[in-house]
Amino acid sequence: MRRKIVEQYQKGVSQRKIAKSLKLSSSTVHNIIQRFRESGTISVCKGQGRKTILDARDLRALRQHCITYRNATVMEITTWAQEYFQKTLSVNTIHRAIRRCRLKLYRSKKKPYLNMIQKRRRFLWAKAHLKWTVAKWKTVLWSDESKFEVLFGKLGRHVIRTKEDKDNPSCYQRSVQKPASLMVWGCMSACGMGSLHIWKGTINAERYIQVLEQHMLPSRRRLFQGRPCIFQHDNARPHTASITTSWLRRRRIRVLKWPACSPDLSPIENIWRIIKRKMRQRRPKTVEQLEACIRQEWNNIPIPKLEQLVSSVPRRLQTVIKRRGDATQW
């Protein structure tokens, strides 16, 4: 329509005739023609609008503060911003400003705490094993324990409701103080999944030796069929007890020395994560259902997935070296 108005204006047609032929008001035609005279274009210029309370310089300072104090809450950031910028700022304003800084609030990943000594030992261990090839890592029998709980009542942190439904019983997040749980021991390698042992309660060195005799040794024979292999377990107390180390020495089982607080270096931790994700989807209601689901999902892990996880160990070591022993994304 604006193009038609300008074309007729350039042909010498009066503004009143243009408005009458196009059934528009004279003021509309006048404004379009005047804009064309001043700017030479028929497009509407974007209006200035209300200026933001925080300019580009303020946003740079806000971004730097958020990156420096990553664990601060929005309320704490708002309090700091009001004192720093000497402006009246609301929590919603800071929320929008954080998004303008191309930042967003996420739930942080849970990683074990590492002191300087542990980081140093992880760094040295990664450098010492960096020359190991993928074929060498495929000769390792990985083992670990993990705790599984019955997820009864835990339906998630968020609920869809109106503001008035906050006290509706169907909108509550219900949890059990001491949910029923199972401890699971398992082992795996790039060749396949080993045996699985499930029990209730804790474990000591004597029971751990029984697990090794009844499950680790048969899995070792089945997966490697007499080929040399290296056994891996972490530094839990039953693993490092003197009777456990003596039993492993008598059996002539080569054990991979493992740095403390390093679950991110073991591929079997990813297996536990996969199975726990399946448990959240299936939501078993009893301990018996939980055990059956764990065994079923354990046997459903494909061998290509195991090879992929074991082949990622060299990359994990490179990440540990790059981060000077700190936790990695695995």
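A nonpolar core is a set of buried Ala, Val, Leu, Ile, Met, Phe, Trp, Tyr and Cys residues joined through side-chain atoms within 4.5 Å. In this predicted model, the largest such core holds 37 residues, and the members that touch the most others are Trp137, Trp142 and Ile271. Two or more residues are given to this core by each of the strands E1 (140–149), E2 (181–189) and E3 (192–199) and by each of the helices H7 (116–128), H12 (268–282), H13 (287–299), H14 (303–311) and H15 (313–322). Helix H12 supplies the largest share, six residues.

Beyond its neighbours within four places in sequence, Ile271 is in contact with Met188, Met193, Trp298, Ile301, Leu306 and Leu309. Another core, of 18 residues, lies apart from the largest one; Trp199, Ile209, Leu217 and Leu223 are among its members.

**Confidence of the model**

The mean pLDDT of the protein chain is 90, and 97% of the residues score at least 70. Among the elements of the chain, the lowest mean pLDDT, 86, belongs to helix H3 (residues 26–39), whereas strand E4 (residues 230–232) has the highest, 96.

**Second largest pocket**

Sorted by class, the lining comprises nine nonpolar, four charged and three polar residues.

**Loop residues**

| Residue | Phi |
|---|---|
| Gln225 | near 50° |
| Cys261 | near 55° |

Gln225 is placed in the loop between helix H9 (205–224) and strand E4. Because its relative accessibility is 62%, and exposed means over 50%, Gln225 counts as exposed. Cys261 is placed in the loop between helix H11 (242–250) and helix H12. With a relative accessibility of 32%, Cys261 counts as partly exposed, since that class lies between the limits of 20% and 50%.

Thr286 belongs to the loop between helices H12 and H13. Its relative accessibility is 32%, and Thr286 therefore counts as partly exposed. In sequence, Thr286 and Glu149 are 137 residues apart, while their C-alpha atoms are 9.6 Å apart in space.

Methods: Residues are numbered from 1 along each chain as its sequence is written. This is a predicted model: local features need pLDDT of at least 70, side-chain atom pairs count only at pLDDT 80 or more; totals for chains, interfaces and linings use all residues. Side-chain values use heavy atoms; hydrogens and water are left out. Ala, Val, Leu, Ile, Met, Phe, Trp, Tyr, Cys and Pro count as nonpolar, Asp, Glu, Lys and Arg as charged, and the others, Gly among them, as polar. Buried means under 20% relative accessible area, exposed over 50%, partly exposed in between (1.4 Å probe, protein chains only). Helices (H or I, at least four residues) and strands (E, at least two) are DSSP runs, numbered from the N terminus. Contact means heavy atoms within 4.5 Å. pLDDT is the predictor's confidence in each residue, from 0 to 100.
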